[in-house]
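Colleague: Could you walk me through this one? I would like to start with a single side chain and then go on from there.
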Amino acid sequence: MPRPTLTTERLVLRPFALSDAPAVQRLAGDREIAANTLLIPHPYPEGAAEEWIKGHDEQSPNQIFAISLRGEGEAMGAIGLHVERKHERAEIGYWLGVPYWGHGYTTEAARAVVGYAFAEGGINRVFAYHFRRNPASGRVLQKIGMRHEGTLRRHLKKWDAYVDLECYGIMRDEFMATRS
């Protein structure tokens with residue numbers, strides 16, 4: 001899939017640049033971000049943002065976008081797709097810095113990324129998981145038309161505690177039907 005820049009009413013979703021590292025370091029370093037994501041550690045190690053951004057290369061099947069406000073440019077979070085070409089599916093994942101919560105930015109970004117996956121990426125199904133203890137993430141998925149498909153009980157271990165995962169999914173035809 002190409003590495004485009006997506007624009008919504010309020011947001012620009014673009015490839016990360018090394019200049020985003022200070023914002024990523026600051027925002028991802030928040031304990032609340034780490035508590036609700038599988039792969040973000042706490043404390044967030046110095047230099048981790050630069051290393052993470054350097055890993056976004058053209059050979060990766062993953063599509064990772066910096067979320068920024070139009071006209072401002074600073075990264076305020078990340079959203080991405082882990083693409084599995086063989087099965088024409090992608091898992092969407094995201095995090096948004098705590099100061100930006102409650103404004104609908106994640107929903108707006110998720111709708112744009114899922115639309116891109118279906119329209120441009122040859123994807124048939126997009127799915128997502130969220131920790132049960134983070135219902136706000138589930139509301140994002142519901143707002144973009146995803147259906148709850150089940151619960152994976154005590155599926156992961158985060159900080160020595162088992163975590164239930166809620167699974168959501170949407171098919172290309174379902175998503176496109178909501179856009180007409």
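Colleague: Is F175 buried or exposed?
Modeller: Bear in mind that this is a predicted model. In it, F175 counts as buried, because its relative accessibility is 1% and the cut-off for buried is under 20%.

Colleague: How many aromatic pairs are there in the whole structure?
Modeller: A search of the whole structure finds 4 aromatic pairs. One of them is formed by F118 and F175, whose rings are 5.6 Å apart from centre to centre, with 50 degrees between the planes, so that the pair is classed as tilted.

Colleague: And where in the chain do F118 and F175 sit?
Modeller: F118 belongs to helix α4, which covers residues 105-120, while F175 belongs to helix α6, so this pair links distant parts of the chain, 57 residues apart. F118 is buried too, since its relative accessible area is 3%.

Colleague: What kind of pair do F127 and Y129 form?
Modeller: F127 and Y129 form an edge-to-face pair, with 5.8 Å between the ring centres and 80 degrees between the planes. F127 counts as buried at 8% relative accessibility, whereas Y129 is partly exposed, with a relative accessible area of 33%.

Colleague: Changing topic to charge, which residues gather in a patch of positive charge on the surface?
Modeller: That patch of positive charge on the surface brings together R111, R139, K143 and R179.

Colleague: Where is R179 found?
Modeller: R179 is found in the segment that comes after α6, the helix that spans 172-178.

Notes:
Residues numbered from 1 in each chain as written. Predicted model: local features only at pLDDT ≥ 70, side-chain atom pairs only at ≥ 80, totals over all residues. Heavy atoms only, no water. Patch = residues over 30% accessible without salt bridge, like charges linked within 9 Å, V, L, I, M, F, W, Y side chains within 5 Å. Areas by Shrake-Rupley, 256 points an atom, 1.4 Å probe, with all protein chains shown as cover. Salt bridge = Lys/Arg side-chain N within 4 Å of Asp/Glu carboxyl O. Lys, Arg positive; Asp, Glu negative; His and termini not counted. Charge placed at Lys NZ, Arg CZ, Asp CG, Glu CD. Helix = DSSP H or I, 4+ residues; strand = E, 2+ residues; numbered from the N terminus. Phe/Tyr/Trp six-rings, centres within 6.5 Å; stacked < 30°, edge-to-face > 60°. Buried < 20%, exposed > 50% of the residue type's maximum accessible area, 1.4 Å probe, protein only.
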